[in-house]
Amino acid sequence: MMELGLQNKLALITGSTKGIGKAIARELAREGSNVIINGRHQDEVDQVVAEIKRDFPNTQPQAAVIDITKEDQQKQLFTQFPQVDILINNMGIFQPMSYWDISDDVCEKFFKTNVLAGNALAKFYLPKMLAQDFGRIIFIASEEAVMPSGEMPQYSMTKSMNLSLAKSLSKLTVGTHVTVNTIMPGSTLTEGVQKMLHDMYADSDVPEAQWESDFMKHHRPLSQIQRLIRPEEIGRFVAFVASPYASSFSGAALRLDGGLVPTIF
């Protein structure tokens, strides 16, 4: 525990049954926040809620079994949780694809999932945060937002949109104790990335123990740490940015990429 002043804050973390989202939820709970675990499957959500209640018994985790890409289910979420102190727009999809294989339907799916869903939640919760004069909205983007690798153009463009949206929303918080920021993790060892590595290397001659290092060497050569970031590392940073102690961050695009982006800005 870092004693970040987050005790009893109510935090909604979308897509929090695994990966970065789950790590964020755990770190916020470690700091005493009451987290709302979101996912589409009841059993997965219940499992994480039980795990957090076991590990952080002084908190009150709650379940939100909601597909936030669907408008009718968004309304259910808003009814169940009409106000939150912290909104982490983490839920998103990614998939390596050749540009020539990306149809308009694929682009629309990525836009709806990675941009519009988070926008809908921000539009609902931001006025309530402003009314209570405290709140945190954090979009989880990616280094792909500022340095597209070309491996998944349909994903990269949505992450750039996250930066723009967060900056625009931050303009609505001038003079308040509400902030809107974006955090850009670099390549992270989530379940999805583990599957991606398996798909890439399962039929290769590269030993499984070397998949991560080989991927970093050949696909992320600019990384200075030359390893995949662990989800809990991102969780700890998000907890700080969500705290009252990070009140000077506003409209910022905060990089947590292991030195992958080679520019100063």
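**Close-up 1. Glu51 and Lys22 form a salt bridge in this predicted model.** The closest N and O atoms of the pair are 3.1 Å apart. A salt bridge here is a side-chain nitrogen of Lys or Arg within 4 Å of a carboxyl oxygen of Asp or Glu. Glu51 sits in helix H2 (residues 42–55) and Lys22 in helix H1 (residues 19–30), so the contact ties together parts 29 residues apart in sequence. Helices are DSSP runs (H or I, at least four residues), numbered from the N terminus. Glu51 is buried, at 16% relative accessible area. Buried means under 20% relative accessible area, exposed over 50%, and partly exposed in between (1.4 Å probe, protein chains only).

**Close-up 2. Arg26 pairs with Asp55 in a salt bridge.** The N to O distance is 2.9 Å. Arg26 belongs to helix H1 and Asp55 to helix H2, 29 residues apart, so distant parts of the chain are linked. Asp55 is partly exposed, with a relative accessibility of 29%.

**Close-up 3. A network of salt bridges links five residues: Lys22, Arg26, Glu51, Arg54 and Asp55.** By the same rule, the model's count comes to 12 salt bridges.

**Notes.** Residues are numbered from 1 along each chain as its sequence is written, and side-chain values use heavy atoms, without hydrogens or water. Local features need pLDDT of at least 70 and side-chain atom pairs count only at pLDDT 80 or more, while totals for chains, interfaces and linings use all residues.

Methods
Helices (H or I, at least four residues) and strands (E, at least two) are DSSP runs, numbered from the N terminus.
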